[in-house]
Amino acid sequence: MVFAHHLSPITRTLSYFSRRRISSKCRNLQMGSENLSLIDTRKRANFRLCNVSGYKMDLLEIHAKDPKFHVLFIPGNPGVISFYLDFLESLYVLLDGTASVTAISHIAQTEKNWEHGRLFSLQEQTDHKMNFIEHELQDVEVPIVLVGHSIGSYISLDIFKRFQGKVAYCICLYPFLAVNTKSSTQSIIKKIAASRTLSTGFSSIVAILGLLPVWISRILVKNSVGNSWSPAAVEALCSHVLRYHTVQNMLYMAMTEFEKLSEVPDWSFMREKKSQMAFLFGVDDHWGPLDLYEEISNKVPGAVLAVEKENFTHAFSCTEAGSLWVAKHVSGLIKNYFSKIDSE
């Protein structure tokens, strides 16, 4: 779940007038000419509104002419796919046009309040993704590669169980698969999410920021997170997250995440499908701590595990440098997987 990384800039923005600029945890690294060239030449994604099972959500799509497989990306919480624009466009280019790419948002975490205030649980969000595959990707004849971020990793593993005949590979980025009882941040969010009074109050305060003129909210956000965030990330926060219905759904989904992820992960499924899975962890990430890395290593011997040591943080997609680094890592995993399949 990426919620805390977006909760943090919101709360910092609220106190902007009483404090000096706060440095961001998201790094903005110097990028070489090769990386800048990639960003300049990447194919632009298309956004569209999609109605599945009576619920509207945002889709981000990049179509390949002759795809060998289809990448389906599942976001964290908030499930605002425009946060991942730089990452997904870079991934498409790095895969050399061999894959179409689709990213699906969470219900009711959209710019407009399409669902009129209804709240959706983790299970409902997961079921909706499965309905999307059944209705929108039923005619896709190439294998599906699932890529999930944070709680999107948990959702992706559930989807994998359901569609084992269609899914060829699953990549979990900074995965939130179990509650971290050592995390004070998770403890605070859990208390806010579980309290109707606190969640309503917090959502209302954030919504006030969303009522400000766009240029003012952008200035406040930029000054709270610094200049490290990409334009796409700043725009996503201002246009989608600073909404009462979005924050309410983020908190409600978080509450159900904490309930569900208190259960033991399905180690037997991971062991069974370990050759079709890969995990990327961060060095200092309380959502996907290195304790979980060690536990997977012990419970699932031979699992493909890696640790990102570039200090991009859990919210890697908030910077162009982080998006590009992770896109390179993911594209490498996918290419290696299919090259092994082709050689067998």
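Analyst: The count of disulfides, taken as pairs of cysteine sulfur atoms within 2.5 Å, comes to 0. C172 belongs to no disulfide, and the nearest cysteine sulfur to it, that of C170, lies 4.1 Å away. A disulfide is a covalent bond between the sulfur atoms of two cysteines.

This is a predicted model, in which local features need pLDDT of at least 70 and side-chain atom pairs count only at pLDDT 80 or more, while totals for chains, interfaces and linings use all residues. Residues are numbered from 1 along each chain as its sequence is written, and side-chain values use heavy atoms, with hydrogens and water left out.

C172 counts as buried because its relative accessibility is 0%, where buried means under 20% relative accessible area, exposed over 50% and partly exposed in between, with a 1.4 Å probe and protein chains only. C238 is also buried, because its relative accessibility is 7%. Of the 344 residues of the chain, 57% count as buried.

Among contacts (heavy atoms within 4.5 Å) with a separation of 6 or more, 80% come from residues 24 or more positions apart. The chain exposes about 14,800 Å², of which carbon and sulfur atoms supply 51%; accessible areas come from the Shrake-Rupley method with a 1.4 Å probe, and for residues only the protein chains shown count as cover.
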